[in-house]
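Hi everyone, thanks for coming. Let me put the structure on the screen, and then we'll walk around the ligand together.

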Amino acid sequence: MKKSVLLGAMAFAGLAAGAASAGTLDDVKARGKLNCGVTVGLVGFAAPNANGEWEGFDVAVCRAVAAAVLGDSTAVEFVPTTGKTRFTALASGEIDMLARNTTWTFSRDVDLKFEFTGVNYYDGQGFMVPKDLGVSSAKELDGATVCIQTGTTTELNLADFFRSNNISYEPVPIETNAEAQQQYLAGACDVYTTDASGLAATRATFDDPGAHVLLPEIISKEPLGPLVRHGDNEWGDVVRWTLNALVSAEELGITSANLSEMSAGTENPEINRLLGSEGTLGEMLGLDATWAQKAIASQGNYGEIFAKNIGEDTPVGLARGLNAQWTEGGLLYAPPFR
Ligand SMILES: N[C@@H](CCC(=O)N[C@@H](CS)C(=O)NCC(=O)O)C(=O)O
């Protein structure tokens, strides 16, 4: 039953992807608003603040794209999606892009017919347990009840991990992070497993974060990034190069503080091409010359976005790790602006 519902949703996703496959850039311009799919709420990544304004590391990608295309980072309709509803929302055209800690996998690309436009966070799946459980490794979790979000890669990795270690578990299926948090804190499951970044973000909101530990095992690769529908390369390029602009800005030393000075022209031709004082990169994208300037002005560079929303000085407290620039030993490597 469960499987046929899932397959039905996927067939629908495939059909709808064909129906809404081109012209997204023109649609967004005509509408004057970007419809961006995000989570229903994960502090640091995407959640409304006290004034009801969406903010976070994934939200920043939506806002940067809106700034690049429409010149206005507030011209975004944020559409909350769960692990289960996110792909139908994108395939049907309800949203123009999805920026929701979504893992780039073979089947989401090839079978569901989406295009990942890059990686904004290199992650992996972890486990969180209450300290009093006295467990120090995921391999000691034989027989545990595990809170797990349905429709996610993490649901599948969990099954693989327990099977390959010859141990058993009882899943407690949940739909949203809020529900997972509630169930976990109520003791309905011994363990919560999801992307390690999601665990850190969730733990940061607990009354007593110190009473919970993240186990040492990272059991998968979860490259998280924005995605669009297959078949609309022009729109895919806009999202891809906006993300690359944020990443390159950090590499090139462009920050919120020096952006306007650098936009007037520098000794570095690549900075000039990126910020539009030289060349015609904006025109090639169907945007104006200052598209990247506007994206960076609205959010800061990638490093600034990371530091502000999820970095070590925030409650989420994530280190750059794999998400450092390639020049600093990390994996962030944007292709050249030329
Ligand atoms: N990266 C995995 C898991 C994504 C996922 O659903 N993460 C959860 C837990 S961090 C989440 O974003 N929850 C937020 C919500 O429920 O709104 C995937 O793409 O399948």
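Start at threonine 153: a polar atom of its backbone sits 2.9 Å from an oxygen atom of the ligand. I call that a polar contact, meaning a pair of N or O atoms within 3.5 Å. Before going on, please keep in mind that this is a predicted model, where local features need pLDDT of at least 70, side-chain atom pairs count only at pLDDT 80 or more, and totals for chains, interfaces and linings use all residues. Residues are numbered from 1 along each chain as its sequence is written, and side-chain values use heavy atoms, with hydrogens and water left out.

Glycine 41 has a backbone N or O atom 3.2 Å from a ligand oxygen.

Who is in the neighbourhood? There are 21 residues around the ligand, and Val40, Thr103, Arg108, Asn177 and Asp195 come nearest, where near means a heavy atom within 4 Å. By class, that shell has four nonpolar, 12 polar and five charged residues; Asp, Glu, Lys and Arg count as charged, Ala, Val, Leu, Ile, Met, Phe, Trp, Tyr, Cys and Pro as nonpolar, and the others, Gly among them, as polar.

Conventions. Polar contact = N/O pair within 3.5 Å; in protein donor to acceptor, adjacent residues only side chain to side chain.
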